[in-house]
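Please open the structure in your viewer and keep the sequence panel beside it.

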Amino acid sequence: IAGWAPSFIPKLAEDGMDLNLCDELVTISPEEGMKAALDLSREEGIFTGISGGSTFASALNICDKVEDGANILAILPDTMERYLSTELFDDIKEDMNDEELKIARTTPNYLFEEEKVI
């Protein structure tokens, strides 16, 4: 998670592990966390950062192990706006491509384009 030291586990989580309050510790790579964050935004319209993506990826990991019908709760602790200048958005261009412009033009009253001066 950005800003944290490698292998850092907050004291609260460490204390919980020491007291056997945790059934399993799931680790997620930064790449998995970024992919999950981007997948959530593209497929579900849910905007979260790398830690939220990692949380979601770990929940998916747990879903593969539990019985059908089980309930899984994953709380996504942040939003994407803090990551706009990070590698999370490297493949998203500043300007819209042709496909995105075509979609944007379907709502002309809400299109923010500069007026052409003649």
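Which residues in α2 meet which residues in α3? Select both helices: Glu32, Gly33, Met34, Ala36, Ala37 and Leu40 in α2 are in contact with Ile50, Gly53, Ser54, Phe56 and Ala57 in α3, where contact means heavy atoms within 4.5 Å. Sorted by type, the residues of this contact are seven nonpolar, three polar and one charged. Here Ala, Val, Leu, Ile, Met, Phe, Trp, Tyr, Cys and Pro count as nonpolar, Asp, Glu, Lys and Arg as charged, and the others, Gly among them, as polar.

The model is predicted, so that local features need pLDDT of at least 70 and side-chain atom pairs count only at pLDDT 80 or more, while totals for chains, interfaces and linings use all residues. Residues are numbered from 1 along each chain as its sequence is written, and side-chain values use heavy atoms, with hydrogens and water left out.

**The whole chain**

Helices (H or I, at least four residues) and strands (E, at least two) are DSSP runs, numbered from the N terminus. Of the 118 residues, 22% count as buried; buried means under 20% relative accessible area, exposed over 50%, and partly exposed in between (1.4 Å probe, protein chains only).

**The crossing of α2 and α3**

Two packed helices are described by the angle between their axes and the distance between the axes. Select residues 30–44 (α2) and residues 50–63 (α3): they pack at an angle of about 95°, with their axes 7 Å apart. That makes α2 roughly perpendicular to α3. The axes are lines fitted to C-alpha atoms, for helices over the stretch in contact, and angles run from 0 to 180 degrees between N-to-C directions. Angles under 35 degrees count as roughly parallel, over 145 as roughly antiparallel, 65 to 115 as roughly perpendicular and the rest as oblique.

Now colour the buried residues of α2: Gly33, Met34, Ala36, Ala37, Leu38, Leu40 and Ser41. Their cover includes α3. In α3, the buried residues are Ile50, Ser51, Gly52, Gly53, Ser54, Ala57, Ser58 and Ala59, and α2 is among the elements that cover them.

**Between α2 and α3**

Go next to Gly45, which follows α2 and has a positive phi, near 70°. Then select Thr48, in the loop between α2 and α3. Is Thr48 buried or exposed? Thr48 is buried, with a relative accessible area of 1%. Leaving aside residues up to four places away in sequence, Thr48 touches Ala37, Leu40, Gly53, Leu76, Asp78, Thr79, Met80 and Leu88.

**Beyond α3**

Select Glu87, in the loop between α3 and α4 (98–104). Glu87 is partly exposed, with a relative accessible area of 46%. Apart from residues up to four places away in sequence, Glu87 touches Met34 and Ile50. Glu87 and Met34 are 53 residues apart in sequence, and their C-alpha atoms are 8.7 Å apart in space.

**Before α2**

Finish at Asn20, in the loop between α1 (11–18) and α2. Asn20 is exposed, with a relative accessible area of 67%. Most residues other than glycine have a negative phi. The phi of Asn20, a residue other than glycine, is positive, near 55°.
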